[in-house]
Amino acid sequence: MNHNYPSLPQNFLYCSASAVIVGTERCRLYILVSNAEQAAKYTWVTKTRKRTRYVVPCERLYGLQSPEEIEAAAANYGFVDSYPHICDVMEGHKRLASIIIETNALRWALTFLPDDGVKTVSINDKGLSIQGVPLGGIALYSAEVLVRSRPLRLAFEQMPRNETAHVDILGHRNARAIKVSLGTETHYVFDYRNGFTAFIPRGEER
């Protein structure tokens with residue numbers, strides 16, 4: 001086993017449905033997880049140069065402790081996949097507003113986010129705010145999005161301490177989403193009315 005791999009995030013399957021996408025490309029291993037309300041992408045450096053992409057049942061990944069084990073499980077139990085994941089789709093969408101903010105501020109928001117309900121997340125010249133409660137940050141442009149509290153809580157619970165995050169509001173027409181980027185991790189929370197389906201062109205739903 002290659003012990004030079006970093007350890008996995010404690011809850012990297014936090015928003016997965018029944019299966020996830022695991023792939024390798026240009027010496028990177030990635031995993032894409034999603035449900036109707038949110039999605040996440042994790043990446044790690046790998047020695048594997050070949051391009052692979054598998055659909056892997058979640059139960060094959062439970063209890064794994066390294067990206068190397070994920071890569072092996074995908075090769076052994078996965079099914080070859082070529083269909084775009086929602087994380088792939090989101091990478092091409094326009095940023096309506098952006099902000100740089102400390103992850104500690106996002107974690108502090110957990111103290112007032114309930115398990116249920118809908119919240120307005122705004123980025124403007126006063127920084128990032130949730131339902132009018134300011135969290136600070138340095139903003140570029142202004143936008144807002146309505147999201148359910150539960151997926152927002154789940155995403156913020158994944159935030160490490162004492163790091164810097166880039167938070168964007170993405171969108172087009174009536175489709176909007178929050179994107180939180182942490183270098184090797186990207187988390188999305190979608191507009192509560194339409195979920196991720198609003199970002200998928202008609203005729204391309206799986």
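A residue is called buried under 20% relative accessible area, exposed over 50% and partly exposed in between, using a 1.4 Å probe and protein chains only. By that scale W108, at 44% relative accessibility, counts as partly exposed. This is a predicted model, in which local features need pLDDT of at least 70 and side-chain atom pairs count only at pLDDT 80 or more, while totals for chains, interfaces and linings use all residues. Residues are numbered from 1 along each chain as its sequence is written, and side-chain values use heavy atoms, with hydrogens and water left out.

- An open sheet of 4 strands runs in the order β9-β8-β7-β11 with antiparallel pairing; strands pair if DSSP finds at least two bridges between them.
- β9 (133-136) and β11 (143-148) each have a single partner strand, so one side of each edge strand lacks a neighbour in the sheet.
- Strands (E, at least two residues) and helices (H or I, at least four) are DSSP runs, numbered from the N terminus.
- β7 (residues 118-124) and β11 are joined by 6 bridges in the antiparallel sense, and K119 has V147 in β11 as its bridge partner.
- Helix α4 (residues 149-157) lies across β7, β8 (127-130) and β11, at about 100 degrees to β11; axes are lines fitted to C-alpha atoms, for helices over the stretch in contact (heavy atoms within 4.5 Å), and angles run from 0 to 180 degrees between N-to-C directions.
- Of the 9 residues of α4, 7 are buried, so the helix is largely enclosed by the rest of the structure; among them are L152, L154 and F156.

- T24 belongs to strand β1 (residues 19-25) and counts as buried at 2% relative accessibility.

**Aromatic rings**

- The whole structure holds 5 aromatic pairs; rings of Phe, Tyr and Trp (its six-membered ring) pair if their centres lie within 6.5 Å, with planes under 30 degrees apart counted as stacked, over 60 as edge-to-face and the rest as tilted.
- W108 and F112 form an edge-to-face pair, 5.3 Å centre to centre with 65 degrees between the planes.
- The ring centres of Y188 and F190 are 6.4 Å apart and the planes are at 5 degrees, so this pair is stacked.
- Both Y188 and F190 are buried.
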